[in-house]
Amino acid sequence: MLKFAPFKTIATMISSSYPSFSLPPKSSFPPMPSLSAATVFLRPLSSAPMGDDSGMDAVQRRLMLEDESVFFLLNPVPAVILILASLCLCILVDENDKVVGHDTKYNCHLMEKIEKGNMLHRAFSVFLFNSKYELLLQQRSATKVTFPLVWTNTCCSHPLYRDTELIDENALGVRNAAQRKLRDELGIPSEDVPVDEFTPLGRILYKAASDGKWGEHELDYVLFIVRDVNLSPNPDEVKDIKYVNPEQLRELVRKADGGEEGLKLSPWFKLIVDNFLLEWWDRVHKGTLNEAVDMKTIHKLT
């Protein structure tokens, strides 16, 4: 009779080979078929990449495709154990922010798919202020697939299609994702940015092309948080960081608008600056930020 290692042992073996390995909650497991022998196979959760990506940075390629999943089906008759490695899918939504499915980060940022299928995914933009009410900005790394080297708000990313980041109540899923990405991108310890300290202010919907192949089409949650934090930026994600006050931000925007010093801003950041940021920032100073919260409206910005 075939004998297999305990489930936890197998999980440990896989996690050592696949650093991003994590097990989803039990409720996430799909129904499992009955097999008569032990089987190991690779199955992508979405369609294969399109086009030639030979020039893509290796780390960024992994981040774009890290939802490729290894299923180890072990069937010591009749039990079947499923180990799902590295499930990291963006959340697809309609224009009312209703979840309609999921897909890879890669596919969600292909302009061909965005234009043909109107593919829209959920995202978030964090604006972190220190105790002096200065805003932390980051410059995206040169290897980023979309909008490399642009300056933007503190952290911009996506909640994933997993139980902890799909929670709609009080935008808890998005806040959980924000805490995770602040750690991944900027090395900010989770205890420095408790999820309860984020204020979800509103949602914007926008579309922007990065180049001929890549772009964004996002329903973006705007989150504010005021905390003094420890920073250790990840160079694969972030080239530079700086804190700015409102006047310094205005100067940065002026230079970017004028094409000075090669400065560029991310399109979502510029839309938020032009429509909301300075008023909300003033409310942070005055302690009246909660009066500006509007999570019912989805602002369609261009």
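This is a predicted model: local features need pLDDT of at least 70, side-chain atom pairs count only at pLDDT 80 or more; totals for chains, interfaces and linings use all residues.
Residues are numbered from 1 along each chain as its sequence is written, and side-chain values use heavy atoms, without hydrogens or water.

The chain exposes about 14,700 Å², of which carbon and sulfur atoms supply 53% (Shrake-Rupley method, 1.4 Å probe). Of its 302 residues, 49% count as buried, that is, under 20% relative accessible area with a 1.4 Å probe and protein chains only. The chain has 7 helices and 13 strands, taken as DSSP runs (H or I, at least four residues, for helices; E, at least two, for strands) numbered from the N terminus. Among contacts (heavy atoms within 4.5 Å) with a separation of 6 or more, 70% come from residues 24 or more positions apart.

Cysteine pairing was also examined. With a disulfide defined as a pair of cysteine sulfur atoms within 2.5 Å, the count comes to 0. Cys90 is in no disulfide, the nearest cysteine sulfur being that of Cys108, 4.4 Å away; Cys90 counts as buried, because its relative accessibility is 2%. Cys155 is likewise in no disulfide, and the nearest cysteine sulfur, that of Cys156, is 6.3 Å away. At 0% relative accessibility, Cys155 also counts as buried.

Note on methods: Buried means under 20% relative accessible area, exposed over 50%, partly exposed in between (1.4 Å probe, protein chains only).
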